[in-house]
Number of protein chains: 4
Amino acid sequence: MIVVMKPHAQKEQIDRVCDTIRSRGLDCHVSIGSHTTIIGVIGDKTKLIDVQFAALSGVRELIPVSEPYKLVGRTGHPENTVIDIGDAQIGANELMIAAGPCAVEDYETMHETAHKLRAQNIKFLRGGAYKPRTSPYSFQGLEEEGLKILAKVAEETGMKVVTEAIDDDSIARVAYYADIVQIGARNMQNFHLLRKAGQCGKPVILKRGLSSTVEEWLNAAEYIMSSGNANVILCERGIRTFETATRNTLDISAVPVLKAKTHLPVIIDPSHAAGARAYIESLSMCAIAAGADGLIIEVHPRPDTAKSDAAQTISIDCFAELCKKISELSKIMHRTMPGDDNK
Amino acid sequence: MIVVMKPHAQKEQIDRVCDTIRSRGLDCHVSIGSHTTIIGVIGDKTKLIDVQFAALSGVRELIPVSEPYKLVGRTGHPENTVIDIGDAQIGANELMIAAGPCAVEDYETMHETAHKLRAQNIKFLRGGAYKPRTSPYSFQGLEEEGLKILAKVAEETGMKVVTEAIDDDSIARVAYYADIVQIGARNMQNFHLLRKAGQCGKPVILKRGLSSTVEEWLNAAEYIMSSGNANVILCERGIRTFETATRNTLDISAVPVLKAKTHLPVIIDPSHAAGARAYIESLSMCAIAAGADGLIIEVHPRPDTAKSDAAQTISIDCFAELCKKISELSKIMHRTMPGDDNK
Amino acid sequence: MIVVMKPHAQKEQIDRVCDTIRSRGLDCHVSIGSHTTIIGVIGDKTKLIDVQFAALSGVRELIPVSEPYKLVGRTGHPENTVIDIGDAQIGANELMIAAGPCAVEDYETMHETAHKLRAQNIKFLRGGAYKPRTSPYSFQGLEEEGLKILAKVAEETGMKVVTEAIDDDSIARVAYYADIVQIGARNMQNFHLLRKAGQCGKPVILKRGLSSTVEEWLNAAEYIMSSGNANVILCERGIRTFETATRNTLDISAVPVLKAKTHLPVIIDPSHAAGARAYIESLSMCAIAAGADGLIIEVHPRPDTAKSDAAQTISIDCFAELCKKISELSKIMHRTMPGDDNK
Amino acid sequence: MIVVMKPHAQKEQIDRVCDTIRSRGLDCHVSIGSHTTIIGVIGDKTKLIDVQFAALSGVRELIPVSEPYKLVGRTGHPENTVIDIGDAQIGANELMIAAGPCAVEDYETMHETAHKLRAQNIKFLRGGAYKPRTSPYSFQGLEEEGLKILAKVAEETGMKVVTEAIDDDSIARVAYYADIVQIGARNMQNFHLLRKAGQCGKPVILKRGLSSTVEEWLNAAEYIMSSGNANVILCERGIRTFETATRNTLDISAVPVLKAKTHLPVIIDPSHAAGARAYIESLSMCAIAAGADGLIIEVHPRPDTAKSDAAQTISIDCFAELCKKISELSKIMHRTMPGDDNK
């Protein structure tokens, strides 16, 4: 960490900063410029985490030079994390493809969807049982009934279930019925829920908050890891910007940025980013070409009548077409699509 | 609600939209333009809340013309809401001024702060016991111990306590010890917590999410009101933009916008917006001049050593100076500062 | 266009809107809802372009239903535009790849760069002679001297030159010496310059403004086209958001959005989007996979000592590696890389 | 300036950075931390302005510690700049209030407006003769004819004229006919035009770009000052964010931020920020309370029929009411309204 003093800061101000650093058992290195003095801190900066240097008189700014996330960062863990779930792996060579409707609507639709996806070798089934909705008057999901439907079709098909948890009650139930617990964008900084996710015993997909920086996102993942769960998957789903041509703005650069900063798997949700069917193929292809480890896509047998997110949900036929293209692309990226090795 | 069809939409597509509307017991009015047809929906739109018109073929976009928030909106409730808390009112003529440290640190500091604020006729004491922090390794607050300290100094001084709740456990305790429950920016769309806030039995300050639109904020307030709590105060604390000269960008226009759309009281938190002491006075003055009903400000007897948010915390003397200026300004705005009527 | 009246607007207010519409020779269709009246305008809306409906009393909002850009829009011109420049085409099957240093530094460097790029079959050479810089004290480019260097190496190699014009004087000179005139992000709404670009007689690359919406961008292209130049290429180079992990946020979704809305070619500048070498490969690959027609990339024989944008400039070897990967990817996208047909 | 090396950077990398610094005649101070080395630069940093340190291997980031704007910054010029224009001053005790229609429409309207404003002691008349418009098909202003109308009513009333210039041709004419040259938001980084503004011989209002940071804005002002014009007025008019409840988001914090960083006068344009009449009063009051030196407001005798920006233009009566409130407020702020000293 570096403390930059204001131009012409006085000696007493500089001394006070140094004393504060030394009082915590660290050392400091003072560099006096022609009109600016900078103070480098030497030693374990975690001892200073609650010192408010910026408030000390004469201080201009604080510059952190090491990341605050120890478990999530690639520095201390250079190899990619690979998460094993039964016969599937996330973060390894094979792409993780999850598909299914936005919301679990009823057993019949879920059954039909799952069997058709399974026939395409898709291993992960998505579907929301607990729906965080902007308005209290919108459909809020089937809740535990929805989880039971997911568990039943998962048993029938051998698929793994990904579904969102939104609070204490739902996270316990999701962890019981599903294979992967999803933490949604609106809860990315619900630190209580992140700690519960750290204790839930199942892998967690952590979606990026609408206006969260990559740094905040990694810190949120650190909450989960530091609570005991190493199996975290990061999911970019679009950020909020001034542009309204798409529902959100897919921050595709986050893929290489995350790959540089963390060892955790990174997947993309093109459906929430685009908000429109017409753009799903393009965003899915670019996600894989950018180096993502997988996709989570909204698919429904009859998308026009889907109970939520219909405008961004694609049909099963359209999804099958997309998978063919991704399969071709995966070869160039030295990845495989599920089912490719069987051919 | 208006459904705008794509240019040259076919008759069957238009009929399908109309049939969908009529099947829910509403009527529609079709207006055929030279190349665009629009369909106005007549009747109670809440019956259509889960129809995904945008997904129907031939539909270009949906334009809502009435607000989804019924309880929060000014349309159905033209008079300003005034919230009574003992001898204080929020949303009435007297400005609500809340002050205190970012975090409750210990009894002595809180005691000193409260007595000094009370001597200035300040009625509301702020201080965080549960702190949502970006990093899991930062100070997370004294929790229930902090609430007990707040309650003790409140009893000594007759002040009302405002403090944040972050989850099921804390909201029950905050509602027990404090006078006003604060829902922080990061939890603005934690819908589970909003429902709990609706049932907590105490007035609620709902801070705006970092990247929440005014519409989303009002919908969040609707969650609280529709869960049974009419005493909601909206607090603007800065939004996230590209500008980094301040910690957040204070959206001062939100004050007149909210005053037009809702009957709920609106206050400003200049401390989190600015992120720097030097700007607190300017932002506080502009808040009152824009028509806000109050302020919540970080104040500490020794701000340089405050345990969190030190850079944006002002001293008690500085706060006293500010109150004098606000008192002058309040007269022009036909408002009063607490204590002014005693003079 | 649709005029939405405020709830319970009065008959006189509605009549006034209708009279205004009819006074311009158009017709209107009034649709009276249970509490909202909407008025559809029938006929040629361009006659209303300067009527300020939103200011008429009783009007809630105006909803445009057709695009304001007639020449740029795909509606009136369904086929993709293909621009011919000597032996190269932009917007056709072959990808347009432009490469070269941020700024023209001297003849030797440009000569070396061009010959090495040409050996890789690259057809377009980039390099700035006029540099718009945030600070007046930064290097502003070699100006006409730079253009002469570009023209000389272009003649030696047969490459086509792409370079930026920033004002009346420079656009005349750029159009004289170069093959493609670039309008930079900061000048995207410099309407005077856009009109000059429309009269310059050479194809134009129009970069997206840092905070311009896709709609504004297409309107800017409409300025160029309506001034007489049909050869416009749109270049996405990242937008300004709250995220600082990259220099800008590449809005990759703009590719499919533009492909739906306009017939003009779309290319990507990964260098300015990323701001860092390490991310260029990932962003280039994702651009082609998303459906872009080409790339413009900063390349320098000794990037560490490049005079500007060094941090985001890649070496010629690194660029050659990237081209190999793009070549593989182009096959899947049913495109070709320059030189592929020779093999 | 501080160069922060990557963790565990090698000695040769550190030496190379130091050699580069010393080769320009500066000195450096190396501070070796437990895993990070930082290098402070001692001496005149302008000698390094074109060195691309971030591109040198082993460098993590560059931290500027002094501002790049020498003429604009308050450091070298602690007193506020006061601009004299005849009997008016900008940046002194009296608030600068400019009012008038968005566009000059005809002599009669301008004459009526100017006389009514003058009767309220308003000294500055605004009105656009050259209009930068998003669509090429919108009204583009009366151009020189408009300037002549402005000059005529100015002569009749003794008012000073503020009007926008958009290119080489218009800036010469505006400087000839008007008293203050306005550079609009879209041209804030049109560096060619900024240099012309620096040579135009009249004071310049520099509006903030829609997505420009305060730093970029000050650098743009530095272009004008370094071209020979010390009379620059900064005008905040709202920035682009995700919020759509107002046309732009007024960044009111920019007022105290600018007052800390620069000696130049700062005014606010509430009309373009709000985009709606209903919010003009609130935003005007907050601007003055925040410490702004003045306002520029869109006023029209019949705002409903104004040719542009009608929705945000207020009537002359409404403006008169607003001026009374601002007059009261100005006393608290130790400022005066024009005409107040006559009473």
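**Entry 1: chain A overall**

I began with the contacts of chain A: of those with a separation of 6 or more, 67% are between residues 24 or more positions apart. Contact here means heavy atoms within 4.5 Å. This is a predicted model, in which local features need pLDDT of at least 70, side-chain atom pairs count only at pLDDT 80 or more, and totals for chains, interfaces and linings use all residues. Residues are numbered from 1 along each chain as its sequence is written, chains are lettered from A and ligands numbered from 1 in the order in which they are written, and side-chain values use heavy atoms, with hydrogens and water left out.

I listed 10 helices and 14 strands for chain A. Both are DSSP runs numbered from the N terminus, helices being H or I of at least four residues and strands E of at least two. Along the principal axes, the C-alpha atoms of chain A fill a box of roughly 75 × 45 × 40 Å. I found 64% of its 343 residues buried, where buried means under 20% relative accessible area, exposed over 50%, and partly exposed in between (1.4 Å probe, protein chains only).

**Entry 2: S170(A)**

I looked up S170(A) and found it in helix 4 (residues 168-177) of chain A. S170(A) counts as buried because its relative accessibility is 0%. With neighbours within four places in sequence left aside, I noted contacts of S170(A) with Y130(A) and A165(A).

**Entry 3: the barrel in chain B**

In chain B I traced a closed barrel of eight strands, 7-8-9-10-11-12-13-14, with parallel pairing. Strands pair if DSSP finds at least two bridges between them. On average, neighbouring strands of this sheet are turned by 25° against each other, direction ignored.

I then followed one pair. Strand 11 (residues 204-207) and strand 12 (residues 232-236) of chain B run parallel and are joined by four bridges. V204(B) has V232(B) as its bridge partner in strand 12 of chain B. Helix 6 (residues 214-226) of chain B lies across both of these strands and runs at about 155° to strand 12 of chain B. The axes behind that angle are lines fitted to C-alpha atoms, for helices over the stretch in contact, and angles run from 0 to 180 degrees between N-to-C directions.

**Entry 4: strand 14 of chain C**

I turned to strand 14 (residues 294-298) of chain C, where five of five residues are buried.

Strand 14 of chain C pairs in the parallel sense with strand 7 (residues 96-100) of chain C over five bridges, and I97(C) has L295(C) as its bridge partner. Strand 13 (residues 266-268) of chain C also runs parallel to strand 14 of chain C, joined to it by two bridges. There I268(C) stands opposite L295(C).

**Entry 5: nonpolar cores**

A nonpolar core is a set of buried Ala, Val, Leu, Ile, Met, Phe, Trp, Tyr and Cys residues joined through side-chain atoms within 4.5 Å. The largest has 159 residues, and L206(B), I252(B), F319(B), L206(D), I252(D) and F319(D) touch the most other members. I checked L206(B): beyond four places in sequence, the residues it touches include W217(B), A220(B), A221(B) and I224(B), as well as V232(B), I233(B) and L234(B). A second, separate core of 158 residues includes Y69(A), L95(A), M337(A) and I97(C).

**Entry 6: chain B against chain A**

I counted 48 residues of chain B in contact with 48 residues of chain A. About 3,800 Å² is buried between them, 48% of it from carbon and sulfur atoms; buried area is the accessible area (1.4 Å probe) that two parts lose on being put together, summed over both. Q52(B), Y137(B) and R240(B) supply 15% of the area that chain B buries against chain A, more than any other three residues.

I laid chain B on chain A with an RMSD of 0.0 Å by a turn of 180° and a shift of 0.0 Å along the axis. The two copies are thus related as by a two-fold rotation axis. The C-alpha of S211(B) is the nearest to the axis in chain B, at 2.9 Å. I found that 100% of the contact residues of chain B recur in chain A. Copies are superposed by least squares on the C-alpha atoms of residues with pLDDT of at least 70 in both.

**Entry 7: chain D against chain C**

I laid chain D on chain C by a turn of 180° and a shift of 0.0 Å along the axis, with an RMSD of 0.1 Å. In chain D the C-alpha nearest the axis is that of S211(D), 2.9 Å away. The copies meet through the same surface, because 98% of the interface residues of chain D are also interface residues in chain C.
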